[in-house]
Amino acid sequence: MQPCVVELEDVWKVFDNGLVAVRGCSLQIRKGEFLALLGPSGCGKTTTLRMIAGFEFPSRGRIRIDGRDVTFERPQHRNAAMVFQNYALFPHMTVAENVAFGLRMRQVPPSVIAEKVKTYLSLVRLDGYQDRSPKKLSGGEQQRVALARALITEPAVLLLDEPLGALDRKLREEMQLELKQLLNRLEITVLFVTHDQDEALVMSHRVAVMANGQIQQVGTPDEVYEHPRTPFVAGFVGVSNFFQGRVIGSDPEYTVLETTGGIRLAVSGTAPVGEQIIVSCRPEKVCLAVSPDSSFFNSFPGRVTAIKYYGASSQYFVQLDCGLSLISMLPTLEVGEHRFQIGDRVYAEIHPRALHILREPGA
Ligand SMILES: Nc1ncnc2c1ncn2[C@@H]1O[C@H](COP(=O)(O)OP(=O)(O)OP(=O)(O)O)[C@@H](O)[C@H]1O
Ligand SMILES: [Mg+2]
């Protein structure tokens, strides 16, 4: 296993006004890993990054980079480089001066700097941009200058704060691929902040999902999507159906849940009898059948109430007879042809393994 480059150990940040922005975050990022920190606006992503970069000190906990405790070190004394949410290029400097900045601060000889600036501008496909003013660059170009400025110091970890947030959708998708390929090629360790779940899943080796200052789950994109651990993760990463209820039976493999709507659900996994639990299920795991299947434990009658067409697939909103609502996502059959119509009678079928028992963080 690769060595740990960044380690957060029970890190807290309480601002002077009493606001708790980060509460007890622990996280390890390994060498060469691309880890996305994903969460909604205001959950503490930038604050976490600023503490790793040294622009903010934790109220409690330790931060280590390459095994060295840097918790209270100044930014220039730790081997991390940050690209800010708005790029923060120096407007009065040329592109080359912006990129050279980190090396000038370290008193690297000018001839070495000039050579490196050329190399890194070429790496981000900005050959010939040396003398341009950052004010006259497009969003995508500014983003690449900011990236070159961070990469040139050859940091142990690159901290990217929503680096693609200011770009339009098409450019953003192009840059996602380009950035991923470039950073993989450089084998650099990256902590990448985003509030866009698709971006996190597409870009990273692992995703850390954050809410209210807490990291609720860390895992590979498919682990986080297929096996969400908390109600927040299930709802924030992709779309989920939720069921709430009381455990009425349990064996080593399955749990039977009586939901608030009065249906009985078999769920894989165990929970103590009598406990109130929440389970989730992805819409693409809810099948719709025209007739009941007695061999299927979780088969519930209902009616289609709405259909959302997405091109390759459609979402069917189903009101079950028990009163609960479900979303089913099914691939489209033919152009414009729906499998079901609004008002159709259907049976929603869910395999027990498609249902996940969720727990509140810390539980
Ligand atoms: N210097 C500060 N003093 C007081 N509160 C702050 C300070 N900086 C940030 N906060 C608060 O801390 C919380 C977390 O902020 P942070 O900038 O880390 O969120 P974020 O996850 O990066 O959000 P966004 O996606 O909008 O960038 C917010 O409620 C914010 O208002
Ligand atoms: Mg932020």
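In this predicted model, five strands come together in an open sheet whose order is S15-S19-S16-S17-S18, with antiparallel pairing. The edges belong to strand S15 (286-289) and strand S18 (325-331); each has a single partner strand, so one side of each is left without a neighbour in the sheet. From one strand to the next, the twist averages 45°.

Now to the ligand. Around ligand 1 there are 14 residues, and Ser41, Gly42, Lys45, Thr46 and Thr47 come nearest. Sorted by class, this shell holds five nonpolar, seven polar and two charged residues. Helix H1 (residues 45-53) gives the most to the shell, contributing three residues.

| Residue | Protein atom | Distance to an oxygen atom of ligand 1 |
|---|---|---|
| Ser41 | side-chain N or O atom | 2.5 Å |
| Gly42 | backbone N or O atom | 2.7 Å |
| Lys45 | polar side-chain atom | 2.8 Å |

How much of the accessible area of ligand 1 does the protein cover? On its own, ligand 1 has 650 Å² of accessible area, and the protein covers 64% of that.

Notes
Residues are numbered from 1 along each chain as its sequence is written. Chains are lettered from A and ligands numbered from 1 in the order in which they are written. This is a predicted model: local features need pLDDT of at least 70, side-chain atom pairs count only at pLDDT 80 or more; totals for chains, interfaces and linings use all residues. Side-chain values use heavy atoms; hydrogens and water are left out. A residue is near a molecule or strand if one of its heavy atoms lies within 4 Å of it. A polar contact is a pair of N or O atoms within 3.5 Å; within protein, one must be able to donate a hydrogen and the other to accept it, and residues adjacent in sequence count only if both atoms are side-chain atoms. Accessible areas come from the Shrake-Rupley method with a 1.4 Å probe; for residues, only the protein chains shown count as cover. Helices (H or I, at least four residues) and strands (E, at least two) are DSSP runs, numbered from the N terminus. Ala, Val, Leu, Ile, Met, Phe, Trp, Tyr, Cys and Pro count as nonpolar, Asp, Glu, Lys and Arg as charged, and the others, Gly among them, as polar. Two strands pair if DSSP finds at least two bridges between them. Axes are lines fitted to C-alpha atoms, for helices over the stretch in contact, and angles run from 0 to 180 degrees between N-to-C directions.
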